[in-house]
Amino acid sequence: MDIKLDPSRDDLPLMANTSHILVKHYVLDLDVDFESQIIEGTLVLFFESGNRYRKKSGSTEETCQSESNEACKFRTPEPCLVPVTNTRTFSSKMGYSDFAICDEGERDTSGKDGNHDDQEQASGISSWKQCCDTGNHGSEDFLLVLDCCDLSVLKVEEVDVAAVPGIEKFTRSPKLTVVSELRNQIVRELVTLPADRWREQLDYYARCSQAPGCGELLFDIDTWSLQIRKTGAQTATDFPHAIRIWYRTKPQGRSVTWTSDQSGRPCVYTMGSPVNNRALFPCQEPPVAMSTWQATVRAAASFVVLMSGENSAKPTQLREGCSSWHYYVTMPMPASTFTIAVGPWMEVKPETCSLNALAAERSLSPSEADSRCVGICGHMEYPCRFQNASATTQEIIPHRVFAPVCLEGACQETLLQLVSPCLAAAHSVLGTHPFSRLDILIVPANFPSLGMASPHIVFLSQSAVTGGSHLCGTRLCHEIAHAWFGLAIGARDWTEEWLSEGFATHLEDVFWARAQQLAPHEAQELQELRACLHWRRLQDEVRNSPEQLQVLRPNKEKTGHVSDSGSSVIKHGLNPEKVFMQVHYLKGYFLLRLFARRLGHDAYFSFLRKFVHTFHGQLILSQDFLQMLLENIPEEKRLDLSVESICRDWLESPGLPQLLPDQLVLLLEHLLEQKTLNPRTLQSLERTYHLPQQDAEVRHRWCELIVKHKYTKAYKNVEKFLQEDQAMGIYLYGELMVSEDTRQQQLARSCFELTKEQMDRCSAQVVAEMLF
């Protein structure tokens, strides 16, 4: 199916120039206003730049031209609120009287805001080439590009980190006379502090975020990006390494959902799809921009603020009717994984506190626990639980459940009973939990999927907690699996979703069987039943979806490639159909079943633990997993498997993947239950799965289908089977005779005449009684 795609609608651009400069830490200071349905405040970004980031030239302009023309043009700024002064630090108490209204026809007369006047266009911030080609331009200024949409940016300023008391400890060269260089050196030292100084680092990030501004920066905003520059800063190294952005979200912003919970009370949550968090705050969206963050969020005292953070935050009352919540993370993660939910949630607690729960609550954070090193990690430095002796043995991490008041009973009855067993099951399969705690929130009814996992928090649909434990358990196991595959180990290219969803789908059955403490044969039966259901869903989806959406690796050999600046495009990222498709879940699931069968159950999961320990905290491509897997499969079991063949047959082709023989047998047996099948269907089956070339078990079922549906074009397959597979063909003689079809009966008799002299005596006697 060849459909011409519209890049402005179907492909999602990642605009940030991550090859030149990276955000290492975000500090968010936000107010949530349910009346206006706006989140507003400040965002402070701390950058790292240097030789480790590419500064290429030559192909940049070419890359830019391939992007959407819509995204390549600078916009006329929308009406905005511009602070009258730039000497005060933002406060949530600041009223609208502190701002001057500015739109296209009215300029701020103070002259301090140079962002939107005619001089800006004259200064050269007007071409798409500058937006992409952001290396060293000689006389041109370096341009910082952040991913951004559906936001009102009010002001951008450099932060005077040198004004923070005690910050001099981060200046290696106190004799620096250029103040801007001194500030950048401070940030460079701060972002590279060793992991054991994480508390000090977070404290200074917070202090620096409150430092005064020291000069406004020029900015412009278009459909998908925010572009910022400082006059005279010609390279990423010269660009301010700490900036503050004053901004507000829009009620219609695609990253946040304003709605009501099941009790009819207002709430808001981030969906993270399809545009991720760029409509929540300006950020670097490409996965390679791994950062940490801390956030202070203020809301009415009646609301609970939940967020992806390592700490189980408690509210601090600021004034009557207003509370503040603070969260942080020390494990670098893509900005797309940041999640927030604000609403009148209640914490659902068990009626009786179990010993397991008490043990979990007594556990320490990854940075505070026993720090004895139990292995060497391959990721950038951070306080890692995999290097924590006590964390490695912690089967059940601390967890909380939040829900609307009206669902407290359902959560009490079903969900609470499952969390500990599912966490323990996951630990028994994969080992160390990558995250130190877990919040689970039952989201509003308009949440468009059964669940979503983010660092330290899982969203679950209300559909999962009603009607028994099975759906709740399997979905909870699926989201828990994402802690390892999808979060601790992420895809370097977002088009390779199977690296997250395929693994979670495969592991959910394994975790759920362990959580129920099923005997091995019961677990096997459950997983075979689930495989059958998955196969039927996959068949249906392949029949009813465009071919280009069935490919797990649409960029093929270019997967993971970016432009010189670091920008890229997510193929089909904005296609609304893709959001509801499960191909990347199910094809990935069957591929992993193939590996588990080829390697053997115990060896396969031993390998998975090894893989997790090797790659946690890192981003991968398919070949990273496949190469390591094949190295762990004995040569005699590898047969025709190779990275290239797997990519070609499973990841880069539409349609159904090549099945295991047992899966084909199961498929054909289900088809044998059908009363009628169209000859075209049988022909398609034969061609798709090369049935005459499969093993005898598969060919036997195929011959049964031929006989049952009188598929005359394939009678030669039956003749061949009866002659060459005499050990299994006796039953087919009976099928041919029972049909009372003259041609089939003649086929049976002629085959018997050809083979009776060589047949086993008992077999020949039985067949003769059938035929005569």
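Among contacts (heavy atoms within 4.5 Å) between residues at least 6 apart in sequence, 74% join residues at least 24 apart. The structure is a predicted model, in which local features need pLDDT of at least 70 and side-chain atom pairs count only at pLDDT 80 or more, while totals for chains, interfaces and linings use all residues. Residues are numbered from 1 along each chain as its sequence is written, and side-chain values use heavy atoms, with hydrogens and water left out.

The protein has 26 helices and 26 strands; these are DSSP runs numbered from the N terminus, with helices (H or I) of at least four residues and strands (E) of at least two.

### Nonpolar cores

A nonpolar core is a set of buried Ala, Val, Leu, Ile, Met, Phe, Trp, Tyr and Cys residues joined through side-chain atoms within 4.5 Å. The largest one has 192 residues, and Ile228, Ile245, Leu415, Phe595 and Phe625 have the most contacts inside it. Helix H10 (residues 408-430) supplies the largest share of this core, 12 residues. A second, separate core of 22 residues includes Phe170, Ile186, Trp198 and Tyr328.

Leaving aside residues up to four places away in sequence, Phe625 touches Trp498, Phe503, Leu592, Phe595, Phe607, Leu608 and Phe611.

### Helices H12, H15 and H19

In helix H19 (residues 643-651), the buried residues include Val643, Ile646, Cys647 and Trp650. Helices H12 (498-515), H15 (583-599) and H17 (622-631) are among the elements that cover the buried residues of H19.

H12 and H15 pack at an angle of about 65 degrees, with their axes 7 Å apart. Axes here are lines fitted to C-alpha atoms, for helices over the stretch in contact, and angles run from 0 to 180 degrees between N-to-C directions. The crossing of H12 and H15 is right-handed, a term for a near helix turned clockwise from the far one by less than a right angle, left-handed being anticlockwise. From H12, the contact includes Trp498, Phe503 and Asp509; from H15, it includes Tyr585, Leu592 and Arg593. The residues of this contact divide into seven nonpolar, five polar and three charged. Ala, Val, Leu, Ile, Met, Phe, Trp, Tyr, Cys and Pro count as nonpolar, Asp, Glu, Lys and Arg as charged, and the others, Gly among them, as polar.

### Individual residues

| Residue | Relative accessibility | Class |
|---|---|---|
| Arginine 229 | 6% | buried |
| Histidine 456 | 5% | buried |
| Phenylalanine 459 | 1% | buried |
| Lysine 556 | 38% | partly exposed |

Arginine 229 lies in strand E10 (residues 225-229). Its side chain makes a polar contact of 2.7 Å with that of aspartate 141; such a contact is a pair of N or O atoms within 3.5 Å, and within protein one must be able to donate a hydrogen and the other to accept it, residues adjacent in sequence counting only if both atoms are side-chain atoms.

Phenylalanine 459 belongs to strand E23 (residues 457-460). Beyond residues up to four places away in sequence, phenylalanine 459 touches Tyr269, Ile340, Val443 and Phe447, among others.

Histidine 456 sits in the loop between strand E22 (451-454) and E23, and its phi is positive, near 70 degrees, in a residue other than glycine. Lysine 556, also not a glycine, has a positive phi of about 50 degrees; its place is in the loop between helix H13 (520-543) and strand E25 (568-570).

Technical notes. Buried < 20%, exposed > 50% of the residue type's maximum accessible area, 1.4 Å probe, protein only.
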